[in-house]
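Take a look at the model below.

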Amino acid sequence: MAELTENLIRLRSVNGVGNTLIWRLLRRFGDSERVLHAPVAELRQVKGITQSLAEAIVRAASFDPRPEMERAVEVDADIIPYDDPVYPKALLYSYEPPVLLYVKGTLVRNDNIAVGIVGTREASPYGRDNALEIGAALARSGFTVVSGLALGVDTFAHIGAMNGGGRTIGVLGCGFDHMYPEQNRDLALEMSQNGAVITEYAMATRPSRETFPMRNRIIAGMSYGLLVIEAPLRSGSLITARLANEYGRTVFAIPGRVDDIRSEGCNKLIRDGAVMVTSVEDIFRELNPSLPEEMYMKERPPRTTKAKPKPPATEKPGRRPRLRERAIPDNPPRRPSDSLFDRDPEDIKDTLDWVMDRNLLAEPNDAEYGDPSSGREAPREAPQEKPRPALDASENAVLRVLSRQWRAIDDIIAECGLDSGKTTACLAMLRLKRLVEQGPGQSYRLRS
């Protein structure tokens, strides 16, 4: 695993070689070591690899990754590759998952049951209050709250999750050496003690207009469902919502005033089919049928009513207390089991191979690679489709009753012979394996 991490750092050091090209190279050559030692002529067969890039990849084999790894250690960050057992499985089954993640804090299996919260940086009191309250309620119920650590809605969602005594994960659009925004540096440090702050970018990468849309796909990929709170029509939040919808995640939106520019994006999402949220119960009601029994609403820790703190005497009447004066519970509720995603780590390589061969990473057709170079003693055979990951008996039972037509979950439960909790847990796992897709009204069908 350390060797893979070092090789991926070498490939990322090549200017012009990003996530997409690295996945194409890995699929073509099988592993990172073969990529770095491949001849220029063979590298040129991969779509997007020019002569200059091929020569740079050959030179990258001698690149020293130790300074980058040592710098990560200095800021207490881990660098994990895509085949690491702690790599988020939900993210792994999204479009072009990062080949490397830089992580400050810890990632746990239960982070696969996460809800993303995104919204405008110019949050109104209405958006701020919703982000705080819903973030706290989700955290109390065992969900991990994922957001982008930006000002506005993102900040309040993270703080709400910590107020609820749960986990929260922030996704950066830059390297750890250039924390952005600077105002949230202390918040990021506190989050790393109650969850994690992650990024796909090398330590010295500065924030730019190009890095934040790429950050959004990670938020969408890690989220079991995505909630949008206040978003103009032209905003990164709507990009994140579109990506979440493409990944098969449930998209939620909070309605707002029709004359408020900050609510135009949310109102449009609801008009286009997003689940309207008027309270956190709407999120629980939509997600719980597809979650393991441990996450059902009836088993959530009871909500406690807290008296609202009074504003400090130095502040003007009507102004809310500053967020830094919040009180984090001394005894947070016990987190629910994460048995749904408790899979054997030995299966991860077969799963990764299957993901890459099922064209889930938007790879080009084999013909796009070009003909093998002449003069080779043993021409490379066309990649053969590998079998899908092994399914257990329950997952096979559910799969047998599905077809290309939408079927209601009640009909699936009646025919597969399993109880409702086991059936919905199997459907959730089959969705992550990209074998099944979910439609409106808790209906399912085989993925095309």
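The count of aromatic pairs comes to 3. Here, rings of Phe, Tyr and Trp (its six-membered ring) pair if their centres lie within 6.5 Å; planes under 30 degrees apart count as stacked, over 60 as edge-to-face and the rest as tilted. Helices (H or I, at least four residues) and strands (E, at least two) are DSSP runs, numbered from the N terminus. Are Trp23 and Tyr82 buried or exposed? Both are buried. Buried means under 20% relative accessible area, exposed over 50%, and partly exposed in between, with a 1.4 Å probe and protein chains only.

A word on the source. This is a predicted model, in which local features need pLDDT of at least 70 and side-chain atom pairs count only at pLDDT 80 or more, while totals for chains, interfaces and linings use all residues. Residues are numbered from 1 along each chain as its sequence is written, and side-chain values use heavy atoms, with hydrogens and water left out.

Now the sheets. Strand β1 belongs to an open sheet of 9 strands. The order is β1-β2-β6-β5-β4-β3-β7-β8-β9, and the pairing is mixed. Two strands pair if DSSP finds at least two bridges between them. β1 and β9 (275-276) are the edge strands, and each pairs on one side only. At the β9 end, β8 (residues 250-253) and β9 run parallel and share 2 bridges. Phe252 has Val275 in β9 as its bridge partner. At the β1 end, helix α1 (residues 2-12) lies across β1 and β2 (100-105). This helix runs at about 95° to β1; such axes are lines fitted to C-alpha atoms, for helices over the stretch in contact (heavy atoms within 4.5 Å), and angles run from 0 to 180 degrees between N-to-C directions.

Another open sheet has 3 strands, in the order β10-β12-β11, with antiparallel pairing. Glu437 has Arg445 in β12 as its bridge partner.

Charged side chains come next. The charged end of Lys104 sits over the ring of Phe176, 5.7 Å from its centre. That label needs NZ of Lys or CZ of Arg within 6 Å of the ring centre and within 35 degrees of the ring normal.

How many salt bridges does the whole structure hold? A search finds 15. Each is a side-chain nitrogen of Lys or Arg within 4 Å of a carboxyl oxygen of Asp or Glu. Arg71, Glu74 and Asp177 are linked in a network of them. Arg185 pairs with Glu182, with N and O 2.9 Å apart. Arg185 is partly exposed at 34%, and Glu182 is partly exposed at 48%. Asp260 bridges to Arg262 at 3.4 Å. Asp260 is buried at 13%, whereas Arg262 is partly exposed at 27%.
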